[in-house]
Amino acid sequence: MSETAIYLAFCPVASNPELDFLAMRLHPEVKARLERFRNSEHRNQAILGRALLGVALLELGARLELRDLGYAPGGGPLMPLGYYGSISHTDGVVGAVASQTGPVGLDLEHRWHSFDVAETAFGREPCDHHHSDPCDCSVRAWVALEATAKAAARPLSEIQCSILRDREERLGITTWSVKTLALVDGMFAAIAASYPVLTVATVWFTPRELSNVLRRYTFTVSRGDDGARDQQSDQFCSN
């Protein structure tokens, strides 16, 4: 895979009609869990994460609707057979990534909120000419660690992280391809995958744009054969 896309959205603190539209289309188990959120921002993060993952999967060619994305036994999203995905959020930004090639993990962190825990885990990482700020280097190491733990479905304690000068990280017992990148306002992202991640594109949405994209896909899917649609909904697994 030459390019992997991260689908991102800024998360509103308060609810709005677009988020309510998205929430209505989620899996019943997900909607039930939303009812237990007391913090509206946390609720919005959960809604946007599912919606972004849905768009990522649809862009790859999966035939699904948001209501198909229930919970896997481990608590993560129940993925369509043959697809892999990951969701992350931090400080008002939510992201998702999907793949057909193999397991993939995504982590988003803000440098100021993550530096203390990153420095505790790694100390101040040595920097090369690409990364002159020790804070940035430590946070990049932390997001790489988190993303790899998600991709490998392993506890953080089992993942060992070391940063190489070429900015690829070799993590854990198995070699994972990891790419880190700087986002807006001091935020960092990392994608870890079981295949080479050569380049990463970022695709930003507002809640309204996200709703419009899903409306278009929902219209396209709903015109298909209902029997084929029902058969497709059975082909889900917990990757």
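## Overall picture

Of the 239 residues in the protein chain, 48% are buried, and this description rests on a predicted model. The chain is built from seven helices and eleven strands, and it exposes about 11500 Å², of which carbon and sulfur atoms supply 50%. When contacts between residues at least 6 apart in sequence are considered, 62% of them join residues that are at least 24 apart.

Thr4 belongs to strand β1, which covers residues 3-10, and its relative accessible area of 2% places Thr4 among the buried residues, because buried means under 20%. Beyond its neighbours within four places in sequence, Thr4 is in contact with several residues, including Val97, Ile191, Tyr195 and Ala201.

## Salt bridges

Side chains of opposite charge can pair when their charged atoms come close. In the whole structure, five salt bridges are found. One of them joins Glu18 to Arg208, with the closest N and O atoms 3.5 Å apart; since Glu18 lies in helix α1 (residues 17-24) and Arg208 in helix α6 (residues 207-222), this pair ties together parts that are 190 residues apart in sequence.

Glu18 also meets Arg215 in a salt bridge, at 3.7 Å from N to O, and because Arg215 lies in helix α6 while Glu18 lies in helix α1, the pair ties together parts 197 residues apart in sequence. Glu18 is buried, with a relative accessible area of 12%, whereas Arg208 counts as exposed at 53% and Arg215 as partly exposed at 36%.

Another salt bridge links Arg67 and Glu65, whose closest N and O atoms are 2.6 Å apart. Through shared partners, salt bridges join Glu18, Arg208 and Arg215 into one network.

Methods
Residues numbered from 1 in each chain as written. Predicted model: local features only at pLDDT ≥ 70, side-chain atom pairs only at ≥ 80, totals over all residues. Heavy atoms only, no water. Helix = DSSP H or I, 4+ residues; strand = E, 2+ residues; numbered from the N terminus. Buried < 20%, exposed > 50% of the residue type's maximum accessible area, 1.4 Å probe, protein only. Contact = heavy atoms within 4.5 Å. Areas by Shrake-Rupley, 256 points an atom, 1.4 Å probe, with all protein chains shown as cover. Salt bridge = Lys/Arg side-chain N within 4 Å of Asp/Glu carboxyl O.
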